[in-house]
Amino acid sequence: MKKFSTTLFLGCCALALAGCDAQDLGSPGSNGDINTGDITIGGGGSSSGGGTVEPAAGCPDLGTSQSLTNSGTISGPMGSYRVCTLPTVFTESTELPYEAGLVYRMNGRVDVGVDDGPTADNTDSVTGTKVDLKIAPGVVLFGDEGVSSGSYLIVNRGSRLLADGEADMPIIFTAESDLKGDVLADTSAKWGGVVLLGRAPVADCYVGGINQADQTGCEMRVEGIANDIPFFGGDTEDDDSGVMRYVQIRYSGYTLDLGSELQSLTLGGVGSGTTIDYIQSYNSSDDGVEFFGGHPQVSHFVVVGAEDDSFDVDSGAQLNLNFALAVQRDGVGDKALENDSPADDKGTGTTIPNALPRTLTQVSNFTFWGASTGKAIEARGAGDITLANGVVYKPSTSDQYCVNDHEDEVAGQQAAQVAFYSVELDCAENPFTTTAVANGSDNQFLVNTLTGSYLNGDNENTFTPIYDAASALSSFFSTETYIGAVSSNLKWTQGWTCDSSVVDFDSGVSCDRLPVYN
């Protein structure tokens with residue numbers, strides 16, 4: 001089993017880096033090397049970053065017609081890395097292997113496959129090719145910064161992302177600045193993020209009308225992308241978009257279209273056949289993760305430092321979320337959880353029907369550590385929420401609410417239905433919070449005793465839940481004897497996450513450094 005080590009981020013180093021600006025990366029040149037900051041694009045020179053990492057000799061042969069571009073080296077506090085630029089489109093199944101001293105670069109948008117349509121047996125696909133992109137444990141991928149289109153990864157309908165890391169070798173998606181050591185505690189918006197698309201039903205139709213009997217007639221487009229916008233949605237509830245396990249996504253949320261950004265992780269129409277487990281979003285300038293429709297089954301998800309919502313659920317998603325942790329940067333984040341469902345798609349008139357499917361969010365064993373800004377939980381539109389066995393903390397402000405609803409937001413729309421079961425509430429009561437508590441049972445208004453904003457303390461350890469989400473909600477959920485996301489007896493957040501000034505998981509790797517494997 002491989003182990004990792006890292007260097008300490010000293011105060012003097014932080015001061016030195018504060019004056020550094022990230023440099024844009026140019027495309028690989030054909031007439032010699034192009035030097036931009038600490039990176040050498042072209043033939044592959046090297047420079048010392050002062051660390052222990054030495055650049056790999058070259059880029060691996062992928063064993064397919066797909067090829068990588070050797071884009072020289074990039075240097076930072078951990079040493080120097082060989083930079084291998086990914087193709088713009090993966091047109092056949094490919095594996096990105098782990099090699100010491102090697103990182104993979106996204107020079108703008110990178111597509112896995114092409115959109116294969118809303119049905120699994122679609123005969124109108126562009127190529128009819130299903131593409132799997134497999135990423136080995138320990139691989140680091142980074143996005144270019146400052147380019148007009150931004151850098152992000154899109155996995156189109158019909159193709160899959162197989163990013164299956166390991167607890168001691170997570171897969172890391174990050175920004176150029178992270179490799180160069182030019183990131184601070186409030187750094188964000190350096191690149192786009194990961195977009196995973198599928199064929200499960202959605203409600204907010206861009207193509208098709210409201211409440212389709214055949215869900216292949218209701219398709220959505222990815223927000224935040226201006227050109228060649230991919231579609232998602234369909235009629236396959238158990239659609240398989242691949243595996244994401246033991247994955248970190250750092251410093252994302254690049255603005256790609258006016259007023260719209262990508263999240264760390266965007267899930268569009270993702271089905272229950274997709275595995276999403278042990279994921280960390282760190283310092284997204286937008287949401288940590290946004291669920292647009294689909295039937296996602298998600299567990300062990302950590303969102304730290306999101307500047308909008310930690311978890312955002314919309315467009316008819318049927319979400320089951322087991323073990324969820326949201327820790328916001330105070331004064332920056334908005335909601336720990338926002339839930340919404342569209343009133344209609346194209347409808348008009350004074351009585352607007354609810355779009356179907358109606359968003360349903362079910363969460364068990366969670367901890368939401370809110371910021372002074374925003375609300376802890378916002379229930380908008382015609383979406384339903386059941387929260388079980390959790391802890392909600394909202395700092396004292398003029399709107400110190402556990403829950404806020406908008407039941408009068410759209411005329412004729414059925415109000416959100418919210419129920420709490422075995423939830424510790426450290427925030428002020430308001431009418432809707434009281435309603436949510438009354439809709440459930442065994443809830444208590446207490447002062448939290450969490451350690452480090454996430455780890456259960458005395459009040460949480462002695463709050464024995466009476467609610468079994470596994471039997472009441474779905475067999476996807478586990479039956480636990482404690483509330484909250486992380487028990488002091490089972491620190492599932494430790495080891496594969498990165499540590500920061502917001503939350504220290506005692507993992508041994510700082511979010512402003514990359515792990516080094518021995």
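Modeller: Two strands pair if DSSP finds at least two bridges between them. Helices (H or I, at least four residues) and strands (E, at least two) are DSSP runs, numbered from the N terminus. This is a predicted model, in which local features need pLDDT of at least 70, side-chain atom pairs count only at pLDDT 80 or more, and totals for chains, interfaces and linings use all residues. Residues are numbered from 1 along each chain as its sequence is written, and side-chain values use heavy atoms, with hydrogens and water left out.

Colleague: How many bridges join strand 18 to strand 22?

Modeller: Strand 22 covers residues 275-282 and runs parallel to strand 18. Within this pairing, Arg245 stands opposite Asp277. The number of bridges joining strand 18 to strand 22 is seven.

Colleague: Which residue of strand 18 is the bridge partner of Leu162?

Modeller: Strand 13 (residues 160-164) is parallel to strand 18 and is joined to it by four bridges. In strand 18, the partner of Leu162 is Val243.

Colleague: How many residues of strand 18 are buried?

Modeller: Buried means under 20% relative accessible area, exposed over 50%, and partly exposed in between (1.4 Å probe, protein chains only). Strand 18 spans residues 242-250 and is mostly covered. Of its nine residues, the number buried is eight.

Colleague: With which residue does the side chain of Ser507 make a polar contact?

Modeller: Ser507 lies in the loop between helix 5 (469-472) and strand 34 (516-517), and is buried because its relative accessible area is 8%. A polar contact is a pair of N or O atoms within 3.5 Å; within protein, one must be able to donate a hydrogen and the other to accept it, and residues adjacent in sequence count only if both atoms are side-chain atoms. At 2.8 Å, the side-chain partner of Ser507 is Thr497.

Colleague: What is the mean pLDDT of the protein chain?

Modeller: pLDDT is the predictor's confidence in each residue, from 0 to 100. In the protein chain, 82% of the residues reach 70 or more, and the mean is 85.

Colleague: What share of the 518 residues of the protein chain counts as buried?

Modeller: The secondary structure of this chain comes to five helices and 34 strands. Of its 518 residues, the buried share is 61%.
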